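Subject: The structure I promised you

Hi there,

Here is the structure we talked about, ready to open in your viewer. Have a look at it first, and then read on for my notes.

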Amino acid sequence: MSDSVEEIVPDSSAKEVQGTVDHRDYSSSSSTDGDDFRRPTNEKSHLFGRQKPVHAALGGGKPADILLWRNKQISAGMLAAATVIWLLFEWIGYHLLTFICHSLILTLAILFFWSNISHFVNKTPMEFPEIVLPEKLWTEVALLLRDRFNCAFGVFWEVASGKDLKKFLYSILGLWIVSIVGSWFDFLTLVYILFVMLLTVPWFYEKHEDQVDIYAQKAKKELKRQYSHLDEKVLQKLPKVPFVKDSKQQ
């Protein structure tokens with residue numbers, strides 16, 4: 001009888017010790033979970049809701065290297081070539097067709113004379129590379145342009161359908177700003193400005209990412225505040241037009 005009592009007492013004490021340990025584990029885990037829940041998150045909000053680095057957001061590869069000036073020779077060469085072309089057309093008064101013809105004449109003349117002179121100066125004639133445009137590349141470009149145009153037409157019809165007043169006002173404001181900027185410059189100058197911005201703005205943003213994000217957040221908050229005032233004072237007072245139902249629903 002005493003043996004059975006001695007066997008029961010250790011078992012009960014072991015269960016009490018195990019329960020105490022489990023309780024401590026649960027309390028520690030719950031406190032840890034609570035600390036994780038109360039711990040503030042330090043996630044930064046980037047421009048346009050970007051989650052990836054700038055290089056990855058631009059698609060990566062050689063195009064991103066050129067835009068971010070990782071390959072300075074190509075980036076500088078493209079910027080210099082665009083500047084020379086812009087100066088030729090804007091300051092000298094060159095026309096596009098004239099420029100193309102003069103460039104071809106100069107290229108053909110240099111290659112023709114070099115091919116003939118090389119026999120007299122004991123130089124090997126220039127070997128012209130065979131240029132063949134890959135069919136797969138141009139097919140992908142055509143499909144990409146088709147998808148972009150279809151997406152643009154889809155957005156246009158979505159805005160024009162009258163279902164979203166906010167998108168309609170944003171579209172009108174954007175087109176109005178573009179029309180004002182277009183009245184300041186001609187088409188070639190506007191293309192040149194956009195090209196220069198394409199080669200400088202991503203590089204500048206990558207160098208000063210934190211500062212730009214802070215100012216962008218402030219500007220976003222201010223725009224939301226102005227839009228809320230406009231919505232409260234003007235948009236909510238406009239009469240609501242009932243949407244036309246589809247013929248299937250009728």
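Below is what I found, taken region by region.

Before anything else, please keep in mind that this is a predicted model.

An unreviewed UniProt entry carries the label "transmembrane region" for residues 96-117 and 168-201. How do these stretches look in the model? For residues 96-117, the span is 100% helix and 0% strand, and its end C-alpha atoms are 32 Å apart. Residues 168-201 come out at 94% helix and 0% strand, with 28 Å between the end C-alpha atoms.

Next, the pair of helices H8 and H9. Helix H8 takes in residues 187-207 and helix H9 residues 209-233; their axes come within 5 Å and cross at roughly 100 degrees. An angle from 65 to 115 degrees counts as roughly perpendicular, so that is how H8 and H9 are placed to each other. Which residues make the contact? On the H8 side they are Phe 204, Tyr 205, Glu 206 and Lys 207, and H9 brings Glu 209, Val 212 and Asp 213. Sorted by class, this contact of H8 with H9 has four charged residues and three nonpolar ones, with no polar residues.

Helix H8 also holds Thr 189. Is Thr 189 buried or exposed? Its relative accessible area is 10%, and residues under 20% count as buried, so Thr 189 is buried. If you set aside neighbours within four places in sequence, Thr 189 is in contact with Trp 86 and Glu 90.

With a relative accessibility of 22%, Trp 69 is partly exposed.

How many disulfides does the structure hold? The number is zero. Cys 101 is partly exposed, at 37% relative accessible area. Cys 151 is also in the partly exposed class, with 48% relative accessibility.

That is everything I have for now.

Best wishes

Definitions and conventions
Residues are numbered from 1 along each chain as its sequence is written. This is a predicted model: local features need pLDDT of at least 70, side-chain atom pairs count only at pLDDT 80 or more; totals for chains, interfaces and linings use all residues. Side-chain values use heavy atoms; hydrogens and water are left out. Axes are lines fitted to C-alpha atoms, for helices over the stretch in contact, and angles run from 0 to 180 degrees between N-to-C directions. Helices (H or I, at least four residues) and strands (E, at least two) are DSSP runs, numbered from the N terminus. Angles under 35 degrees count as roughly parallel, over 145 as roughly antiparallel, 65 to 115 as roughly perpendicular and the rest as oblique. Contact means heavy atoms within 4.5 Å. Ala, Val, Leu, Ile, Met, Phe, Trp, Tyr, Cys and Pro count as nonpolar, Asp, Glu, Lys and Arg as charged, and the others, Gly among them, as polar. UniProt positions are given in the numbering used here, feature names are shortened, and annotations may be inferred rather than shown by experiment. A disulfide is a pair of cysteine sulfur atoms within 2.5 Å. Buried means under 20% relative accessible area, exposed over 50%, partly exposed in between (1.4 Å probe, protein chains only).
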